[in-house]
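Please read the numbered points below with the sequence and the 3D structure open beside you.

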Amino acid sequence: QVQLVESGGGLVQTGGSLRLSCAASGLTFSSYTMGWFRQAPGKEREFVAHISWSGGSTNYADSVKGRFTISRNNAKNTVYLQMSSLKPEDTAVYYCAARPAVSIDSFGYWGQGTQVTVSS
């Protein structure tokens, strides 16, 4: 059974930083593309970033480029999202997601989410 467990969310002031972690189990982690998504109140879930199975390729939403960094540690089955220069509009529930590296389908596995609140 695949499990993705996010942690590291919280309350931070504008301009601050947070690092989210997502611990994966029940899958061969190094064979999966990992992603971060977020959903703000009253809005649809949106893509934030994803990272290839090796960590050699990353992609970011324009809204977070230059501020957020996605990384992974395959030995620890964990993916991270380092968030800096946070803005109130970054407030959302952040979700970790996984899909097989050979797949072009949507992400099929999701965590329960962790709340990030940025105060102005």
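1. The largest nonpolar core has 30 residues, and those with the most contacts inside it are Met34, Trp36, Val79, Leu81, Met83 and Tyr94. A nonpolar core here is a set of buried Ala, Val, Leu, Ile, Met, Phe, Trp, Tyr and Cys residues joined through side-chain atoms within 4.5 Å, where buried means under 20% relative accessible area, exposed over 50%, and partly exposed in between (1.4 Å probe, protein chains only). Two or more residues of this core come from each of β3, β4 (32-39), β5 (46-51), β7, β8 (78-83), β9 and β11 (114-119); strands (E, at least two residues) and helices (H or I, at least four) are DSSP runs, numbered from the N terminus. In soluble globular proteins, nonpolar side chains tend to be buried together.

2. This is a predicted model, in which local features need pLDDT of at least 70 and side-chain atom pairs count only at pLDDT 80 or more, while totals for chains, interfaces and linings use all residues. Residues are numbered from 1 along each chain as its sequence is written, and side-chain values use heavy atoms, with hydrogens and water left out.

3. Setting aside neighbours within four places in sequence, Tyr94 has contacts (heavy atoms within 4.5 Å) with residues including Leu20, Trp36, Leu81 and Met83.

4. The search of the whole structure finds 1 disulfide, a pair of cysteine sulfur atoms within 2.5 Å, and it joins Cys22 to Cys96 with an S to S distance of 2.1 Å. Cys22 lies in strand β3 (residues 18-25) and Cys96 in strand β9 (residues 92-100), 74 residues apart. The torsion about the S-S bond is about -75°, so the disulfide is left-handed. Cys22 is buried at 0% relative accessibility, and Cys96 is buried with a relative accessible area of 0%.

5. How many salt bridges are there? The count comes to 4, a salt bridge being a side-chain nitrogen of Lys or Arg within 4 Å of a carboxyl oxygen of Asp or Glu. One of them pairs Arg38 with Asp90 (2.9 Å, N to O); Arg38 lies in strand β4 and Asp90 in the loop between β8 and β9, so the pair ties together parts that are 52 residues apart in sequence. Asp90 also meets Arg67 (2.7 Å, N to O), and Arg38, Glu46, Arg67 and Asp90 are linked in a network of salt bridges.

6. Asn73 belongs to strand β7 (residues 68-73) and is partly exposed at 27% relative accessibility. Beyond its neighbours within four places in sequence, Asn73 is in contact with Phe29, Thr78 and Tyr80.
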